[in-house]
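Me: I'd like to go through this structure with you. Could you take my questions one by one?

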Amino acid sequence: MKPKKAQPDHAYNIPRLNKIFFWSSLAALLSIVWWVVDVDYDKPWKRYQREFRSLSMEKVRAQLEREQNRLARGRRKQQLEELHAQLTTAQDGLRQRRIEQEEARARFGDAEKRYYVADQANRFARAVYDAYRYEFETLREHVEEGHGDHAQLEQAEERLHELDLERQETLVEFQEATAERDAVQAELAALTAAVDEVESGIATLEAEKTRLEGQLESLEGGVVTTVRNSPMLDFISPNIKIQQVVVEDLRFDVNFQTIPRVDRCHTCHQGIDKEGWEEAEQPFRSHPNLDLFLTSRSPHPIEDFGCSVCHSGWDRSVDFKYAAHYPRNAEQREEWEQKYEWETIHKWDHPMLPVQYAQASCYKCHKDEVYLAGAPTLNMGRETFERVGCWGCHKVEGKIGPKVGPSLRVLASKSDRDWVRRWVEDPWSFRPTTAMPRFFNLSNTSDERSLARNDVEVAAITEYLFARSERRSVQRMPHGLRGDALNGEQLVNAVGCKGCHLVGTPEGGLDSITTRQRFGPNLIGLSEKTTSDWVYSWIRNPKHWNPDTRMPNLRLSAQEAADITTYLMGLAPAEGFGSEALPDLNPQLRDEVTLEYLQNSMSRRVAEETIATMSNYDKMLFLGEKLIGRYGCYACHDIPGFETAEPIGVELTTEGSKIITRFDFGLIHDVPHTRWDWIETKLHDPRIWDRGKVKDPQEKLRMPEFNLSDEQITAVTTFVLSLVKDEIPATKRKMYDAHEQARNEGMRLVSNNNCMGCHQLMDFGGDFAQYVEDPSKAPPLITPTGAKVQPEWLIEFLHAPTTIRPWLEVRMPSFHFEREQITTLVSMFQGISRVDERYPFLDRASITPASLRRGRALFGQKGTSNYATSLKCNSCHPSGNVLPESPPTQWGPDLNMARERLRPEWVPDWLRNPQAIQPGTRMPNFFYDEDTPLVENPEQDLIDLRNFLWSLGDSGQVSSRR
Amino acid sequence: MLLSILPLLLLAAPVWAYEGVEVENAGSLTGRVRLEGQPPAAVVTEVHKNVSVCGTTVEDRTFVVGEGGALANVVVYLAAVGVGRPIDLEAIGELDNRECRFEPHVQSLTVGQKIEIKNSDPVLHNTRTEVLGGGIGNRINLAMARAGTTIRKPIRYPGIHRLRCDAGHTWMNAYLLVFEHPYHVVTGTDGTFELDEVPPGEYTLMTWHEKLGTSETKIGVKAGELVEVPAIVLKQSQ
């Protein structure tokens with residue numbers, strides 16, 4: 001046996017060590033490979049891009065197939081066949097002239113050689129000349145300064161001249177060579193002209209196919225693309241890579257500093273800015289509104305705005321979870337948790353807005369637009385917020401206006417005590433659709449003791465309201481006037497009450513109507529609430545009872561008012577109202593509560609002394625006042641004694657930016673900690689955060705519960721989320737010009753007075769139209785008003801409306817606008833129409849007698865000889881003192897008004913195509929059918945007719961001819 | 001009202017536009033529409049305008065019933081046809097304003113065809129159409145002030161067009177049904193109808209009447225055959 005080899009130099013076993021080294025380096029190598037291929041290379045976003053690419057290929061292939069089919073069928077097939085036949089003929093023709101062509105080609109080769117040589121020679125000569133010219137210039141300067149040799153300068157000048165000659169010679173040669181080459185080329189082209197023409201015809205027909213083929217080829221890529229995208233090499237120039245938009249001026253506030261947004265969303269959302277992916281699965285689906293967002297044609301291109309300024313989220317992340325996606329509901333949350341291991345990202349303060357609230361971001365830049373196109377949820381939220389009076393308690397910068405509830409100064413003239421008690425305690429049992437919220441018997445005040453206390457509170461509030469309100473005498477319905485309920489119903493349906501009021505439950509349920517249609521109270525149950533005399537007196541003159549009311553005056557006659565009163569008094573309240581007897585007041589509890597409130601401002605001993613001196617009535621009044629102060633009733637109602645009281649709620653001006661830790665979720669653990677979940681939960685149950693807490697009655701939450709649908713709650717939440725302090729720089733904010741400012745300002749008035757409950761204005765409102773069967777009977781679209789009527793006339797009309805459209809049953813009410821409001825509205829209309837000439841006029845001296853004569857003949861007067869060929873305008877329009885034959889409900893507007901009312905340039909505009917301006921109008925097209933003229937000389941007719949209209953109103957101009 | 005809007009969904013719904021091809025092995029359909037029971041008495045309107053032209057009274061023509069209950073002015077059509085015979089783009093529908101009535105009272109056309117509107121009266125008429133359930137706008141509103149005026153108007157919007165005249169002739173009404181395919185026809189006074197060049201297949205045969213709304217019948221068309229559709233009996237609702 002051989003002795004074991006000694007290893008004197010090493011204290012350890014080298015082969016073993018080699019093995020260890022071998023295995024560990026192999027492990028290291030494998031881990032690197034694993035790291036490179038799996039961890040680093042295989043990112044979800046890359047998978048998405050690959051998937052999107054293959055989906056795109058499928059799509060292009062399908063398009064290509066369709067295109068090929070299209071080419072292989074019908075007219076196109078025939079065209080292609082013809083072209084190919086022509087091509088063959090042309091090619092045959094060319095073949096016969098082959099020798100000629102080859103000879104020409106040979107000449108072309110020679111000519112091109114000559115051209116290149118000449119071109120090069122010319123360039124060189126120019127370069128040499130330029131270089132030498134510089135040398136010569138330097139030398140001359142040198143010599144002129146007295147340093148150099150004049151002889152040398154002369155020599156140089158000579159050389160320069162030589163070089164110049166050379167340059168010009170080569171230029172001539174170059175020009176000749178070019179001309180020769182072009183000539184031969186033209187010769188060649190003439191030979192192949194027939195073939196080229198046919199080929200280009202084929203190319204035109206197949207252009208789409210060729211485009212698709214090219215697209216497919218670039219998508220398919222090939223070996224090079226595969227190598228570019230392979231692990232380790234993909235840092236050089238991959239075509240699967242992170243996409244990003246850096247928006248320098250829209251910044252994220254990361255506390256103590258701001259950073260630009262770097263939006264990488266479209267790294268995965270590959271189809272987001274492309275059309276054709278509307279039906280695709282996420283993350284590839286197209287944005288639902290590409291006309292408004294992301295595309296270059298939209299006002300918000302992706303390069304300028306990115307994504308996160310509207311949607312929030314962690315802009316830089318390309319990982320589902322870390323992008324701070326946020327689910328829209330519990331269902332989606334569950335789905336995401338399973339699919340993406342989704343969870344809330346705590347270290348990022350701006351989670352993505354769930355899609356239902358996305359419109360909240362619009363107000364960052366468009367706050368002044370009262371109705372914002374493309375943001376229906378936000379508009380609804382704002383409308384609801386204003387309608388139910390949230391801003392009465394919660395200050396929001398810029399929100400002011402008349403209080404939303406009725407004035408309670410004349411309550412005693414209107415209702416009785418029992419009704420008020422029932423109403424205050426539970427308004428919904430009387431009118432399920434009322435905007436009045438519930439204050440009592442809510443989740444934190446429904447225990448036995450609270451219920452008893454609520455009775456005392458309600459009674460005290462009622463007592464105070466009656467004690468302090470005025471008992472004014474009511475204008476009685478005239479003696480002998482009998483109302484007809486049937487006629488009353490018809491009037492309520494027709495004259496316009498329903499522009500603002502519901503009567504009972506609408507056919508399609510509450511979801512079928514807009515906030516504007518519930519602007520005023522539902523008109524059911526009036527007989528329980530008040531007297532018929534009061535209703536009569538109120539509808540005849542609402543301002544008499546409340547100078548600040550938004551109820552306008554419909555100028556009802558005594559009979560009409562009586563009919564409506566009779567009808568309304570016959571409508572029952574919601575079922576079950578008033579069926580339970582009102583509880584007796586618990587005097588002990590009353591005293592307890594009074595003592596409790598007294599102690600807010602004095603010691604217990606003094607309070608006890610004070611209460612001993614108070615009568616029961618005093619106690620109730622004291623308590624009523626305190627409670628009205630506690631609940632903030634005066635935020636919506638004008639209540640004597642509270643004229644200067646401050647709002648009781650939290651200011652909401654920047655609520656959407658409030659950090660989440662400042663929202664009190666109380667002891668509730670199943671509500672996710674987000675702003676929107678807090679607001680939604682609060683709106684569903686405003687007292688919920690008291691759950692599980694021990695609180696004194698006065699410590700309890702006091703926000704009332706509003707009767708809002710889920711949709712409205714989401715809309716209000718969206719609106720509250722829109723109230724942020726984000727500062728958007730002027731480069732990105734919507735900047736309003738003077739017209740737009742006038743529009744925005746007026747729209748506030750329009751919204752406050754609910755004009756759009758009846759009228760359509762721009763793309764909004766016009767809800768009343770759903771109540772008329774014939775669209776021509778809907779209140780007119782008022783968008784074009786500024787372009788249509790003269791400002792002075794509009795001022796008069798808004799001040800005291802008169803009948804313009806005799807066929808309408810619906811009436812323009814008198815709003816009794818103030819001076820300033822009227823000018824605001826007139827400016828708004830002019831702003832909407834972008835009218836620059838504010839005071840238009842027609843110089844009547846410039847109207848020629850001939851034009852007037854032609855206009856009169858066109859207009860037509862019955863009995864005249866040319867009536868048969870006229871346009872017979874009198875068939876419908878009163879003018880001069882001629883009235884149409886039919887009843888007034890079938891007339892058009894009185895044209896005697898035209899000169900005073902209409903802008904002169906408007907008349908031809910209107911007559912060219914009335915349908916385009918006022919969809920649904922009865923006024924037919926006389927002059928054009930869209931763009932096709934219907935008469936010989938339409939433009940002249942239009943001017944003549946307008947000129948004639950301007951002569952109407954001159955003391956019976958029309959009839960004087962009779 | 002609702003009844004008459006319903007078929008709109010069927011008229012306007014096809015996702016793919018109609019494709020006209022040469023139909024091979026086409027079949028045909030024929031049948032007859034009847035009204036069950038006695039028609040209600042026609043409403044008579046008193047005229048107060050242009051009496052010399054319009055007469056003193058007009059009778060409405062909602063129910064034109066012939067022998068054995070044969071019902072005229074019913075539009076019979078196939079629902080949602082995607083491919084079939086080419087649309088005859090040269091065909092022109094006529095609509096006359098004569099003695100203050102629209103003539104015919106009901107007609108059907110295909111998108112792309114034209115309608116020629118004519119005024120035979122020496123008074124002003126206008127023809128205004130709205131598509132039921134199709135929003136507030138008028139699709140046509142043309143004035144014809146002079147006797148003998150004719151205007152040709154291309155038909156672009158499918159659906160049920162209700163026609164009116166606003167020149168004080170409140171009684172004037174008519175219907176124009178516009179389809180995207182050519183398989184539609186209006187029954188004559190004998191209540192019969194015929195649809196030709198139908199590609200073989202299974203269809204839903206629909207009828208529309210201005211008061212009675214729609215009815216539907218499943219029908220199969222075989223190559224080269226003439227299918228006799230069993231008599232379609234329309235009931236008047238209470």
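Me: Which residues have the most contacts inside the largest nonpolar core?
Reply: They are B:Val33, B:Val75, B:Val76, B:Leu78, B:Tyr175, B:Leu176 and B:Leu177, in a core of 91 residues. A nonpolar core here is a set of buried Ala, Val, Leu, Ile, Met, Phe, Trp, Tyr and Cys residues joined through C-beta atoms within 7 Å. Buried means 20 or more other C-beta atoms within 10 Å of the residue's own, exposed means 12 or fewer, and partly exposed is in between, with C-beta atoms placed from the backbone.

Me: Which strand gives the most to this core?
Reply: Strand 15 of chain B, residues 173–179, with six residues. Strands are DSSP runs of E, at least two residues, and helices are runs of H or I, at least four, numbered from the N terminus.

Me: And which domains of chain A does this core draw on?
Reply: At least three residues come from each of domain 5 (738–832) and domain 6 (844–961) of chain A. Those bounds come from an automatic or database domain assignment.

Me: Before I go on, what kind of model is this?
Reply: This is a predicted model; local features need pLDDT of at least 70, side-chain atom pairs count only at pLDDT 80 or more, and totals for chains, interfaces and linings use all residues. Residues are numbered from 1 along each chain as its sequence is written, while chains are lettered from A and ligands numbered from 1 in the order in which they are written.

Me: Back to B:Val76. What does it touch?
Reply: Leaving out residues up to four places away in sequence, B:Val76 touches B:Val33, B:His184, B:Val185, B:Thr187, B:Phe193, B:Leu205 and B:Thr207. Contact means C-beta atoms, placed from the backbone, within 7 Å.

Me: What about the second core?
Reply: That one is separate and has 62 residues, including A:Cys362, A:Cys390, A:Leu411 and A:Phe719.

Me: How many residues does each chain put into the A–B contact?
Reply: Chain A gives 23 residues and chain B gives 24. The chain A side divides into 11 nonpolar, eight polar and four charged. Ala, Val, Leu, Ile, Met, Phe, Trp, Tyr, Cys and Pro count as nonpolar, Asp, Glu, Lys and Arg as charged, and the others, Gly among them, as polar.

Me: New topic. Which residues of helix 32 in chain A are buried?
Reply: In this helix, residues 849–859, the buried ones are A:Gly855, A:Arg856, A:Leu858 and A:Phe859. They cover an arc of only 160° around the axis, so they sit on the same side of helix 32 of chain A. The arc is that of the directions from the helix axis to the C-beta atoms.

Me: What's on the other side, and what covers the buried residues?
Reply: A:Pro849 and A:Ala850 are exposed on the other side. The cover includes helix 36 (938–951) of chain A.

Me: What follows helix 32 of chain A?
Reply: A:Gly860, with a positive phi near 85°.

Me: Now strands 18 and 19 of chain B: parallel or antiparallel?
Reply: Antiparallel, with nine bridges between strand 18 (residues 201–209) and strand 19 (residues 213–221). Two strands pair if DSSP finds at least two bridges between them. A hairpin of three residues links the two. B:Tyr203 has B:Ile219 as its bridge partner.

Me: Where are the cis peptide bonds?
Reply: One joins A:Gln282 and A:Pro283, with omega about 10°. Another runs from B:Glu103 to B:Pro104, with omega near 0°.

Definitions and conventions
Contact = placed C-beta atoms within 7 Å.
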